[in-house]
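Dear colleague,

I am passing on the structure we spoke about, and below it you will find my notes. Please read them with the coordinates open beside you.

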Amino acid sequence: MTNLTGKKIIVVGGSSGIGFGVAAAALENGAEVVIVGRSADKLKAAEKRLGGAGRVTGISANMASETDVARLFEQAGAFDHLVATAGTPPPNYPVGEADMDFVRQFVDGKLIGAVMLAKHAARKLNEGGSMIFTSGINKDRPPVPGGSVVAAVAGSFTYFARALALELAPTRVNIVSPGWVDTEMWDEIVGAAKTGYFGEMGARIPAGRIATPADIAPAYLYLMQNEFMTGETVHIDGGQRLV
Ligand SMILES: NC(=O)c1ccc[n+]([C@@H]2O[C@H](COP(=O)([O-])OP(=O)(O)OC[C@H]3O[C@@H](n4cnc5c(N)ncnc54)[C@H](OP(=O)(O)O)[C@@H]3O)[C@@H](O)[C@H]2O)c1
């Protein structure tokens, strides 16, 4: 396992939720971290919460814009690991009622955005570097009805990583697939009803509770540090796929 001291890690989505947890854990392990999101205000607040003794920089960029993505990697310079956790609430209508503009916007932000990140990151990654993208439990346990688009997008990441791991070798490419994680995204999607959903699911899954971002971050750190992991999807869901 390599040490992260002095390594530079770009976390796209690092101003909130799972990405914030990865940024915090990487800092604890001695890395320098660049956090990326669209909102400059959210980035500033996250930089403050992370502390990081001068080892955190925020760069505002929208991963759905190739101009922004190209600028991001120019601005960040050479680096060691790319982590992409960014995402927005998925479409959740039954397919017969799908709002195609919203569907396209979601696919653009998550999947096309990941392709653009890979394209531009590959030019700046140091030797021994890696890319880690984020899928999720919705590919294994799709919400019914309304889960088809998010399941298709999340599921595609496994095969995206397998192909890229071959094409970009020796750069390693992996996926983290979390179960439910208590993040700001849930507040946005279900608001106060979160407590009820989490209570019910927490009681059903083997882990006995819903994960925090701090529970999930070690999976990303493991994939950065283990030089023999590539083309892999790591599930970290407290056993949620088993129930
Ligand atoms: N939470 C869960 O239960 C869970 C479970 C499995 C998988 N996931 C997946 O994990 C990912 C992260 O979820 P989360 O719960 O951590 O969400 P979150 O707390 O809402 O954080 C999302 C982060 O992504 C950034 N972001 C969103 N769209 C962006 C874009 N186009 N360009 C750049 N940055 C962007 C946000 O900042 P700005 O808004 O400022 O851009 C924020 O920093 C999502 O794709 C989600 O589907 C989540």
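The shell around the ligand is made up of nine nonpolar, 15 polar and four charged residues; please bear in mind throughout that this is a predicted model. Of the 28 residues around the ligand, those that come nearest are Ser15, Ser16, Arg38, Lys110 and Thr183. Two helices, α1 (17-28) and α6 (184-190), each supply at least two residues of that shell, and α6 gives the most to it, with three residues.

In the case of serine 15, an N or O atom of the side chain lies 2.7 Å from an oxygen atom of the ligand, whereas for glycine 13 a polar backbone atom is 3.2 Å from a ligand oxygen. As for the accessible area, the ligand taken alone exposes 900 Å², and 91% of that is buried by the protein.

Turning to the fold, there is an open sheet of seven strands with parallel pairing, and the strands follow the order β3-β2-β1-β4-β5-β6-β7. At its edges are β3 (56-60) and β7 (233-236), each of which pairs on one side only, and neighbouring strands of the sheet are turned against each other by 20° on average, with direction ignored. Within the sheet, β1 (residues 8-12) and β2 (residues 32-37) run parallel and are joined by five bridges; valine 12 stands opposite valine 36 in β2.

Two helices that lie across strands of the sheet deserve a look. Helix α4 (residues 100-121) lies across β1, β4 (79-84) and β5 (125-134), and runs at about 175° to β5. Helix α8 (residues 213-225), for its part, lies across β1, β4, β5, β6 (172-178) and β7, and runs at about 165° to β6.

Finally, which peptide bonds are cis, with omega near -5° or near 10°? One of them runs from valine 144 to proline 145, with omega near -5°, and proline 145 is found in the loop between β5 and α5 (148-167). Another runs from alanine 169 to proline 170, with omega near 10°, and proline 170 is found in the loop between α5 and β6.

With best regards

Terms used. Residues numbered from 1 in each chain as written. Predicted model: local features only at pLDDT ≥ 70, side-chain atom pairs only at ≥ 80, totals over all residues. Heavy atoms only, no water. Near = heavy atom within 4 Å. Polar contact = N/O pair within 3.5 Å; in protein donor to acceptor, adjacent residues only side chain to side chain. Areas by Shrake-Rupley, 256 points an atom, 1.4 Å probe, with all protein chains shown as cover. Helix = DSSP H or I, 4+ residues; strand = E, 2+ residues; numbered from the N terminus. Nonpolar A, V, L, I, M, F, W, Y, C, P; charged D, E, K, R; others polar. Pairing = 2+ DSSP bridges. Axes fitted to C-alpha atoms, helices over the stretch in contact; angles between N-to-C directions. Contact = heavy atoms within 4.5 Å.
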